[in-house]
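Subject: Structure handover

Hello,

Here is the structure you are taking over. Please look through it first, then read the notes below.

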Amino acid sequence: MIREDQEHLLVFPIPMKGECWYSLLARYHAISGNRSEKYTFDQLFGGKTVLDAAVTLPARVKLIDAWLPRECGLTSDRIIREFTAYQYLRLSSRFPDTAYQRLMQGSAKRGRGMRSQMAGALRGRHQKLCFCPDCVRSDTEEYHHSCWHLVHQINGVRYCPIHGMRLIESPWPEGEKLVHFYPAPDAEMAGQMERESRGEETDVFQDRFFELAKTIDWLLANSERIGTEERLLQFYESELGTDPSWQDILKHLASKDAGFVLELFPEEDLVRMGNDVIKHGLRQQSPLFHALMIMRFGGVQWLERKTQT
Ligand SMILES: [Zn+2]
């Protein structure tokens with residue numbers, strides 16, 4: 001609920017390119033001068049909220065318009081489009097608009113189950129906030145500070161889609177859940193973490209992961225042009241010649257790209273790459289499966305051609 005006494009904030013950070021919603025909130029907390037996180041939570045959300053969701057999704061979107069300064073040009077609508085992965089998630093028909101509306105407008109408690117499923121589909125095994133050291137350097141040059149980038153937190157993204165650098169896992173959150181505002185590392189800290197993480201084994205799928213990161217990055221910004229999962233399935237059908245079942249699609253994927261698919265889903269048994277994956281992997285993580293299929297057919301260029309016709 002929007003509190004009667006909720007006033008517009010006097011300051012709010014100017015969003016940076018590719019930034020995620022959580023990062024904007026964390027930067028607000030830092031510049032607000034608020035003595036405690038509790039006060040910031042109370043000011044923004046009228047109490048503690050689920051910050052995990054804000055990394056990839058808009059958390060309690062209705063409140064945003066109540067407290068954003070009118071001059072800053074940000075609205076809940078713009079935040080959803082540009083600073084969350086909601087459009088990308090919508091490529092999965094598993095998360096319909098009605099669920100989203102209920103989740104974002106309702107109380108935190110009511111939407112909790114669906115929210116964690118949505119966040120799980122988007123983040124997968126990303127437990128910690130990740131960053132690209134080159135992005136930290138270029139952000140610092142341009143904006144004099146860094147931020148958490150949305151694409152770096154998405155399931156399947158191991159490399160920066162801009163710089164091709166392997167992402168570095170920050171130590172945060174320290175517990176299992178993200179309940180604090182952690183500022184993105186500055187250039188010095190990022191450099192130190194980069195040196196510490198060096199010497200990791202070489203990645204035979206580096207090129208594939210780079211391609212996947214670029215595909216997901218495109219989808220984050222352009223999924224609206226595709227619209228629905230049904231439309232994507234029609235694109236696949238036009239390539240495969242027949243009306244493919246999910247099983248056909250997955251078999252196709254596994255037969256062409258088995259090693260990489262196994263690297264992404266090590267817990268799945270490719271021999272059973274049928275019903276089980278459809279039930280678990282695909283249904284849980286279908287935006288990622290779509291990104292893989294798009295790569296299979298020629299990547300972003302293929303999709304751009306399809307969406308133009
Ligand atoms: Zn980068």
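Among contacts in the protein chain between residues at least 6 apart in sequence, 73% join residues at least 24 apart. Two residues are in contact if their C-beta atoms, placed from the backbone, lie within 7 Å.

The model is predicted, so local features need pLDDT of at least 70 and side-chain atom pairs count only at pLDDT 80 or more, while totals for chains, interfaces and linings use all residues. Residues are numbered from 1 along each chain as its sequence is written.

The protein chain has 15 helices and two strands. Helices (H or I, at least four residues) and strands (E, at least two) are DSSP runs, numbered from the N terminus. Of the 309 residues in the protein chain, 39% are buried. A residue is buried if 20 or more other C-beta atoms lie within 10 Å of its own, exposed if 12 or fewer, and partly exposed in between; these C-beta atoms too are placed from the backbone.

Helix 9

In helix 9 (residues 133-143), the buried residues are Pro 133, Cys 135, Val 136 and Asp 139. They lie on the same side of helix 9 because they cover an arc of only 155° around the axis (the arc is that of the directions from the helix axis to the C-beta atoms). The exposed residues Glu 141 and Glu 142 are on the face turned away from that buried side. Strand 1 (130-131), strand 2 (168-169) and helix 10 (187-197) are among what covers the buried residues. After helix 9 comes His 144, with a positive phi near 70°.

Helix 9 against helix 10

The axes of helix 9 and helix 10 come within 9 Å and cross at roughly 165°. Axes are lines fitted to C-alpha atoms, for helices over the stretch in contact, and angles run from 0 to 180 degrees between N-to-C directions. The two helices are therefore roughly antiparallel to each other (under 35 degrees counts as roughly parallel, over 145 as roughly antiparallel, 65 to 115 as roughly perpendicular and the rest as oblique). Helix 9 makes the contact with Pro 133, Val 136, Arg 137 and Thr 140, and helix 10 with Ala 187, Ala 190, Gly 191 and Glu 194.

Arg 81

Arg 81 sits in helix 5 (residues 76-83). Arg 81 is partly exposed because 16 other C-beta atoms lie within 10 Å. Its C-alpha atom is separated by 7.8 Å from that of Ala 221, 140 residues apart along the chain.

Regards
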